[in-house]
Amino acid sequence: MYTSFYQLIDFHSFYDMYYKIFESLGLSSSASWMSYLAAGGSLSFLAINLLVLATAFYTWFERRTIARFQVRRGPNRNGPFGLGQPFADVIKLIMKEDTIPTEADKPVFTIAPIALLAPTLLIITVIPIDDASFLATLNIGILFIVGITSVNSIAIFMAGWGSRNKYAILGSMRGAAMLISYEIPMALGITSVLLISGSLAMTEIVAKQDIWFIVVMPMGFFVFMAAATAEMSRTPFDQIEAESELGSGYNTEFSGIKFAILFLAEFMAPIVTSAVVTTLFLGGSQGFDFLPGQAWFVLKMFVVIFILLWIRSTWPRLRIDQIMGFAWKILMELGFVNIFLIAIEVAVLMDPVTGLLTSQDLLIMAAINWVFTILTLVFLANLLGKRNYDRPDPVPSPLANMQPKGEK
Amino acid sequence: MLDEYFKQYGIIAIFAAIAVALPTALMLISWMLSMVKIRPNNPSEIKSSIYECGFETITERWNQFNFRYYSIALLFVLFDVEVVFLFPWAVSFGMMSVEFGAFVMIEMLIFVGILALGWIYAWKKGSLEWS
């Protein structure tokens, strides 16, 4: 029953359906490419709308969950459990006046939200939700993702530069520097996956995960996850829109529907990132037989989303020098050491004739890598945590009545 | 029929077109709502001036920025190109190791080592510091 439903929402079934329709209309000469366009278009439209709807509910979920973390209730007035809240927000934002500053660079200012949303949406095309991709099965899927995520830094810079506001440009400057810095550790984390998978196709990476890669290389997962959290530019890394310092950062001048699109992209990022993490490290649609593969995929995505929310609601905002130092000094070292450790393990353990790894080899690698990861993290925590800061004791201000009574 | 390989990219192109069309359509809807006076549109001189902490804008808008951003961007270009070279190496590592043995590993160690020297130099020079 599940498979039949899935086959219904599939490129080839759409293609066949449109082909029959165009043939019955007497267009059999051009039916092939017309049905190709129609099938691709309707499937893309469906996928985009699903993703936007999922993002709407995700904003509700995020607000409710963070409220619980902060011992509040969160939005609970519109509809059951406040589920109508995202729709109320959208209607409010569409109805708001869309002001454009007179001195802004209008074309850049207008294109920036589109340039931020489109790449975020495009990532979902190559994610294999089941054995095959939902839309397109590229043989360079992960390279496509790495390429398409780089566009985000340009879009954020466009938003800041176009609005001609000094807070916006400060935020987007920081954002561009942060996003490009974290692209390197993210790519290093992906490289460690590629060493074992031996293919850039997302479906191949999932197929190679007899043992999930989070078990085989926890350090690669740590590096990738830290970098991906920064790429989303959410709270521990939200220097782009540090409210207490920069007004509202790169989106200071945006209002109305443009603001809504910017935030749609921003809230879509965790969903898309968790899909990528699930594919790369959590075995994609693998799971036990009592649920279909898509259900396992969504379940794993949900766990990753919750962990990202947990990180967001627990950590305070880091300073920009801490963020850049973490990327360039720690994550890059860890990434390179991890890559060469895994390369040596692969070279030693693989079959000398075929160059393939069995699941037993993967388990041996997992044991070595876990010991390495725990030792490294303990070492780093001691190195960074026990640094002696020269902090003088606070001197009470003479204006403040801080002395206990009777002591004069 | 089109070639299967290019067909996949064709779907991505269609998806990209719709992904661009969706936010554009939203903006157009918002603009049309302002045309039929459902959404307000009363720009004034004060309202469409640039935000600056509640008082009138005083500074140059496209103000100067720190030189450090340039050095970070230069370092990024260097290491991103390195990563581009790492990708094909990693994908074919198992296959090539069968044929060439430990040479595959040593070659990449030398390549990364040269760049790591530059990275240590940049660190010592203080390009990675932010204060």
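Reply: Two residues are said to be in contact if their C-beta atoms, placed from the backbone, lie within 7 Å. The model is a predicted one, and on this criterion the contact between the two chains takes 71 residues from chain A and 57 residues from chain B.

Me: Which helices of chain A supply at least two residues each to the side that touches chain B?

Reply: They are H3, H4, H5 (106–122), H8 (166–197), H13 and H15 (320–349). The greatest share comes from H8(A), with 13 residues. By class, this side of chain A has 43 nonpolar, 18 polar and 10 charged residues.

Me: What makes up chain A as a whole?

Reply: Chain A has 16 helices and 0 strands. Its C-alpha atoms fill a box of roughly 100 × 65 × 40 Å along the principal axes. Of its 408 residues, 47% are buried. Among contacts in chain A with a separation of 6 or more, 74% join residues 24 or more positions apart.

Me: Why is Thr252(A) called buried?

Reply: A residue is buried if 20 or more other C-beta atoms lie within 10 Å of its own. Thr252(A) has 24 such atoms, and is therefore buried. Thr252(A) is placed in the loop between H12 (243–246) and H13 of chain A.

Me: Which residues are in contact with Thr252(A), leaving aside its neighbours within four places in sequence?

Reply: They are Ser163(A), Asn165(A), Tyr167(A), Ala168(A) and Gly247(A), together with Tyr51(B) from chain B. Lys166(A) stands 86 residues from Thr252(A) in sequence, while their C-alpha atoms are 9.6 Å apart in space.

Me: How do you know whether Leu51(A) is buried or exposed?

Reply: The count is again set against the cut-off of 20 or more. With 21 C-beta neighbours inside 10 Å, Leu51(A) counts as buried. Leu51(A) belongs to helix H3 of chain A, and beyond four places in sequence it touches Leu121(A), Ile124(A) and Met268(A). Leu37(A) is 14 residues from Leu51(A) in sequence, and the two C-alpha atoms are 21 Å apart.

Me: What makes Val71(A) stand out in its backbone, and is it buried or exposed?

Reply: Val71(A) has a positive phi of about 55 degrees although it is not a glycine. A residue is exposed if it has 12 or fewer C-beta neighbours. Val71(A) has 6 inside 10 Å, and so counts as exposed. Val71(A) sits in the loop between H3 and H4 of chain A.

Me: Where is Lys37(B), and is it buried or exposed?

Reply: Lys37(B) lies in the loop between H1 and H2 (68–91) of chain B. With 8 other C-beta atoms within 10 Å, Lys37(B) is exposed. Phi of Lys37(B) is near 65 degrees, a positive value in a residue other than glycine.

Me: Why are the buried residues of H4(A) said to be on the same side?

Reply: In H4 (residues 85–95) of chain A the buried residues are Gln85(A), Pro86(A) and Leu93(A). They cover an arc of only 95 degrees around the axis, and therefore lie on the same side of H4(A). Helices H3 (31–69) and H13 (256–281) of chain A are included in what covers them.

Me: Why are H11(A) and H13(A) called roughly antiparallel?

Reply: The axes of H11 (residues 218–232) of chain A and H13(A) come within 10 Å and cross at roughly 165 degrees. Angles over 145 degrees count as roughly antiparallel, and H11(A) and H13(A) are therefore roughly antiparallel to each other. Their crossing is right-handed. Residues making the contact include Phe221(A) and Phe224(A) of H11(A) and Ala269(A) and Pro270(A) of H13(A). By class there are 10 nonpolar, 1 polar and no charged residues.

Me: What makes H5(A) oblique to H1(B)?

Reply: H5(A) and H1 (residues 4–35) of chain B pack at about 140 degrees, with axes 9 Å apart. Roughly antiparallel would need an angle over 145, and roughly perpendicular one of 65 to 115; H5(A) is therefore oblique to H1(B). This crossing too is right-handed. Among the residues in contact are Pro113(A) and Ile114(A) of H5(A), and Phe15(B) and Ala16(B) of H1(B). The residues of this contact divide into 11 nonpolar, 1 polar and no charged.

Definitions and conventions: Residues are numbered from 1 along each chain as its sequence is written. Chains are lettered from A and ligands numbered from 1 in the order in which they are written. This is a predicted model: local features need pLDDT of at least 70, side-chain atom pairs count only at pLDDT 80 or more; totals for chains, interfaces and linings use all residues. Helices (H or I, at least four residues) and strands (E, at least two) are DSSP runs, numbered from the N terminus. The arc is that of the directions from the helix axis to the C-beta atoms. Ala, Val, Leu, Ile, Met, Phe, Trp, Tyr, Cys and Pro count as nonpolar, Asp, Glu, Lys and Arg as charged, and the others, Gly among them, as polar. Axes are lines fitted to C-alpha atoms, for helices over the stretch in contact, and angles run from 0 to 180 degrees between N-to-C directions. Angles under 35 degrees count as roughly parallel, over 145 as roughly antiparallel, 65 to 115 as roughly perpendicular and the rest as oblique. A crossing is left-handed if the near helix is turned anticlockwise from the far one by less than a right angle, and right-handed if clockwise.
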